[in-house]
Amino acid sequence: MHTKFDESGRFADPSVLILTSLAESPKHGYAIMTDVAEFSGVAMEPGTLYGALARLERQGWITPMATEVRRRPYQITAAGRSVLAQQLQSMREIARVGQARTRPARPASA
Amino acid sequence: MNPTWAERLARRMVGWYPRRWRERYAEEILEVLDQHQVSVRTVVNLAANAAATRLDPAYRPATSATLRRFLRTGAALLATVAAMPAAFVGVQLAFGEETEFGMTGAHGLAVSGDGRLVATSSGASRVRLWNITDPRHPMLLSHFDAGTTLAVSPDAHTLAVIGKRVTLWNITDPTRPARAAALPEYTRHASAMAFAPDSRSLAVGYHGGVLVYDVTDPARPRSLTPPPRQPADDSSHDIGPSQFSPDGRLLAIKSGGSDQVTLWSLADRSAPRSLTTVVFGHDEPPFGDLAFSPDGATLATATVHGHLTLWNVTDPASPTVASSMDDGPVGPAPDATVGSVLAFSLDGRTLSSVLGSVRSVRWDVTDRTRCRHVDDLTRADAGPGSFMLTPDGRALVSAAHGADTLHVWTL
């Protein structure tokens, strides 16, 4: 179950969401949007998607495949996979600390 | 279904991305917008991303232009907000490609079978590919140097260009056109081209003959006809519009010098046979057009002054006049920059005729022998330039001389 976040309320970087989507299989733009919405609840807009796709492509973390009837699928590169793994590791770390700190506080000892 | 105002605005926003970015991503993002539930948020998001991309050094052509471009983006955003109700009644939009090229006339114009892709040529050899899915906002996808006279295959995969010779371009991805092959040197004498309806043959017309190439694989074109014995290199004998019949067995080529059309049989692609020539007008200048009906039984011809004839070509060796119409003077006397263009609707019941790029007349031609005038639209003049109708006759595309812009009117 997911709460539907619009982009203004999101916490996840679109790059991480896109890389996560492409880590499963190559996808074209609209398929990435629907996949991301499904697994994260983030409704990404085309402008954000293509802003991030262009950056990821320039960084060499994804690569475009041949166009199929006006749609171009993208696939994740080896470098992209390793960057994603690092990002997820650091997010796990943040999640661990964050969860610890948001536990109901004990009465402060004087 | 008509696009909502948000969808139109979203498409316009794509036009504000820097040219280099558009050449790479416009086609894809337009496709995503086709499927996406477009809202105000989509539009704002695109505007913000377009502005950010314009500031991105990777897409900036020159530092000196940065501030001007930034201001223009801001001004354009403000202008759109201010003019929102008015933005959708305007009939034309020209993209600012103002700094890059010498402003010379547009010569060539070609439209794909689905009416979404337009190729234009201007200057000495600059070819541009446009997406006109949203006719109000033509989107420049790419440009390259190739030649002046153009033909786009009905499936939009191949572009043929007459330059120093005929070259074939793979435009399956119109944002990345790639030169696929060149036809023999003698094709430099060609002045008309037409793709067969199945996109597998290309007919190249020159004064006095037709060459046919199998272009199933545009990288390996196969010549089906022998080289011309004595190629005419007299360009005063330019031949005009040419079109295949829907079954691909007939080719109609308008010859220059006068308004006459020659029908060629291409039943055997390796031996084009001239069947007959009919004169369809004596107007000056002889810049008429022709169009086959979807069932291939009728050939329509029109002169520059709007004299229309429907020919019964059931027996292509001896066409007969089914009916003939005159819709009177067009207003200003036509000059060398105007012409007439024709297209049937997909159901073959309506014929659109556009005269001098200023007046569009529709005829109900359900009964080929008794055509009925439907309506008559006079539009703001696009100025002198090349123009043509999309294959379904629903939109008029005009590439103006003197500006590298494209105008599209839905009829």
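Predicted model: local features only at pLDDT ≥ 70, side-chain atom pairs only at ≥ 80, totals over all residues.
Among contacts in chain B between residues at least 6 apart in sequence, what share joins residues at least 24 apart? The share is 49%.

**Chain B overall**
- Chain B has five helices and 27 strands.
- Of the 411 residues in chain B, 55% are buried.
- The chain exposes about 17,300 Å², and 54% of that area comes from carbon and sulfur atoms.

**Helix α2 of chain B**
- Helix α2(B) covers residues 19-35, which makes 17 residues.
- α2(B) has a kink of about 60°, and the kink is centred on B:Tyr25.
- Because 14 of its 17 residues are buried, α2(B) is largely enclosed by the rest of the structure.

**A four-stranded sheet in chain B**
- Strands in a sheet are joined by backbone hydrogen bonds, in a parallel or an antiparallel arrangement.
- Four strands of chain B form an open sheet in the order β17-β18-β19-β20, and their pairing is antiparallel.
- The edges of this sheet are β17 (289-292) and β20 (320-326) of chain B, each of which pairs on one side only.
- From one strand to the next, the twist averages 15°.
- β17(B) pairs with β18(B), residues 298-302, over four bridges in the antiparallel sense.
- Across from B:Phe292 stands B:Leu299, which lies in β18(B).

Technical notes:
Residues numbered from 1 in each chain as written. Chains lettered and ligands numbered in written order. Heavy atoms only, no water. Helix = DSSP H or I, 4+ residues; strand = E, 2+ residues; numbered from the N terminus. Buried < 20%, exposed > 50% of the residue type's maximum accessible area, 1.4 Å probe, protein only. Contact = heavy atoms within 4.5 Å. Areas by Shrake-Rupley, 256 points an atom, 1.4 Å probe, with all protein chains shown as cover. Expected span 1.5 Å × (residues − 1). Bend = angle between axes of the 7 residues up to and from the residue. Pairing = 2+ DSSP bridges. Axes fitted to C-alpha atoms, helices over the stretch in contact; angles between N-to-C directions.
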